[in-house]
Amino acid sequence: MTKDLEETLEGLGPECRAVVGRLLASRRPIVSRTRFLRFPRAALAAACAAAILSFGLWMRLASAPAGGERAYTIYTVAYSKDRLPALVDSQNPDGSWENDFVTRQNAAALAGAQGRAENIAYRKAMRYMRLKGLRPLSREEFLGRVKRFGS
C-alpha cells in the first residue's frame, strides 16, 4: 500500500486494519489464472481457424469440375460450344441476364439461332436492350471474343 493509504488506515482504527488485512490475505494472484486460461483460448482459436480453412478447401474441391471439364462463368458461357440452352435457361424474365454487359454478349450469341426457345430469348433480350438504349455486340466483336475466350 502507499503511504497515503497507510495514514488513512491508521486514522480509521484497528477494526478497519483487520478487515484490510483479511482482504489482502485472501487475494489470489491473477497471473496463475490467466496462465491456465491462455492455452485453451489459443487452442480454441486454432481449432476454429482449422475448421474454417478445411471447410473452404472442401467447398473449393467440391465445386471444381471433374474430368478436365471447363467451368464456365456468366461471362464466358456465351463463348462455349453448347451455349444456347444454358443462355435460354439463365435469362431473367425481363429479358436480361446478370448485368448489361452479359445481356449484350448473350444477345449477340443468340442472334441468328434457329430454335424457337432461342428466338424467343433473343427477342426478349432485344426488347430489354431497346428500353435501356443498348445494342448487342456486333458480329465481328462477338466472334473475336469467341476466338479469344471460347473453347
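Is the crossing of α5 and α6 left-handed or right-handed? The crossing is left-handed, a label used when the near helix is turned anticlockwise from the far one by less than a right angle. Welcome to this predicted model, in which local features need pLDDT of at least 70 and side-chain atom pairs count only at pLDDT 80 or more, while totals for chains, interfaces and linings use all residues. Residues are numbered from 1 along each chain as its sequence is written, and side-chain values use heavy atoms, leaving out hydrogens and water.

**Confidence**
- The protein chain has a mean pLDDT (the predictor's confidence in each residue, from 0 to 100) of 81, with 84% of its residues at 70 or more.
- Confidence is lowest in helix α3 (residues 30–63), with a mean of 76, and highest in helix α6 (residues 116–132), at 91; helices here are DSSP runs of H or I with at least four residues, numbered from the N terminus.

**Where α5 meets α6**
- The axes (lines fitted to C-alpha atoms over the stretch in contact, with angles from 0 to 180 degrees between N-to-C directions) of helix α5 (residues 100–110) and α6 come within 9 Å and cross at roughly 140 degrees.
- In contact (heavy atoms within 4.5 Å) are D100, T103, R104, A107 and L110 of α5 with E118, A121, Y122, A125, Y128, M129 and K132 of α6.

**Aromatic pairs**
- The whole structure holds two aromatic pairs, meaning rings of Phe, Tyr or Trp (its six-membered ring) with centres within 6.5 Å.
- Because F55 and W58 are three residues apart in helix α3, about one helical turn separates them.

Definitions and conventions:
Helix = DSSP H or I, 4+ residues; strand = E, 2+ residues; numbered from the N terminus. Phe/Tyr/Trp six-rings, centres within 6.5 Å; stacked < 30°, edge-to-face > 60°.
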